[in-house]
Amino acid sequence: TRGVVPAASCSRSRQGMAEASDDSPLQRAPPPKVEPYLSKFTALKVRQWRTNYKRIFGLKQSGFVTIDPTDFSVTNTFTYAAMKKLETSKKDPEEFTFSCGSAMTFRTQYRSHLLTELVRLRAMTVDETALGLVSRIGAWACSLIAAHWRRCSAAALVAGDASC
């Protein structure tokens, strides 16, 4: 019968193909390492002239990202060294603004926790003495602590409320 290959030769050719593909550098390369998120927080990106939209802050050891919660795509990536300014709102206890070239404002009920982690991770990765920003990072930490404690009532502190 013409054109019909015996079954035994088919199995050998498949094994030969498998062995040849195992030698491919693409097959041997380990999968890329994905840096894990140390913390994640939900937030609302505040925009003055358009509608606000939801974002997830993903904090990593090397920097932080904003993620679109509808499709989980990364919308922005920042290094801690690129962060030049961080301010809390005096009018809104959930709002803060940071600047990495351009200013971005966000609102979250977890503001104190998010900013505490952000400042902590930044201090671990950025040599503030080389940048001459020691007093600025100290001011950030003090303003974050003050903003957090202003929200907590004396009664909650005495009662040992875990949210404070």
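1. In this predicted model, K85 and E87 form a salt bridge, in which the closest N and O atoms lie 3.3 Å apart. K85 has a relative accessible area of 41% and is partly exposed. E87 is likewise partly exposed, at 39% relative accessibility. As background, side chains of opposite charge can pair when their charged atoms come close.

2. The strand β5 spans residues 85-88 and pairs with strand β6, residues 95-100. The pairing is antiparallel and rests on four bridges. One point of contact to locate in the structure is T88, whose bridge partner in β6 is F96. A hairpin of six residues leads from β5 to β6.

3. A second salt bridge joins E95 to R107, with 2.8 Å between the closest N and O atoms. Because E95 belongs to strand β6 and R107 to strand β7 (residues 102-107), this pair ties together parts that are twelve residues apart in sequence. Is E95 buried or exposed? With a relative accessibility of 17%, E95 counts as buried, since the cut-off for that class is under 20%. R107, by contrast, is partly exposed, its relative accessible area being 25%.

4. Helix α3 covers residues 111-125. Several residues of α3 are buried, among them L114, L115, L118 and L121. The buried set also includes the charged residues R111, E117 and R122.

5. Why are R120 and E117 about one helical turn apart? The reason is that they are three residues apart in the helix. In general, an α-helix has 3.6 residues a turn, so residues three or four places apart point the same way. R120 is partly exposed, at 38% relative accessibility, whereas E117 is buried.

6. Some salt bridges share partners, and in this way D92, E95 and R107 are joined into one network. The count of salt bridges in the model is five.

7. Finally, the protein as a whole may be considered. It has six helices and seven strands, and their order from the N terminus is α-α-β-β-β-β-β-β-β-α-α-α-α. Of its 164 residues, 32% count as buried. The accessible surface is about 11,000 Å², and carbon and sulfur atoms contribute 57% of this area. Among contacts with a separation of 6 or more, 36% link residues 24 or more positions apart.

How values were computed:
Residues are numbered from 1 along each chain as its sequence is written. This is a predicted model: local features need pLDDT of at least 70, side-chain atom pairs count only at pLDDT 80 or more; totals for chains, interfaces and linings use all residues. Side-chain values use heavy atoms; hydrogens and water are left out. Two strands pair if DSSP finds at least two bridges between them. Helices (H or I, at least four residues) and strands (E, at least two) are DSSP runs, numbered from the N terminus. The expected span of a helix is 1.5 Å times one less than its number of residues. Buried means under 20% relative accessible area, exposed over 50%, partly exposed in between (1.4 Å probe, protein chains only). Contact means heavy atoms within 4.5 Å. Accessible areas come from the Shrake-Rupley method with a 1.4 Å probe; for residues, only the protein chains shown count as cover. A salt bridge is a side-chain nitrogen of Lys or Arg within 4 Å of a carboxyl oxygen of Asp or Glu.
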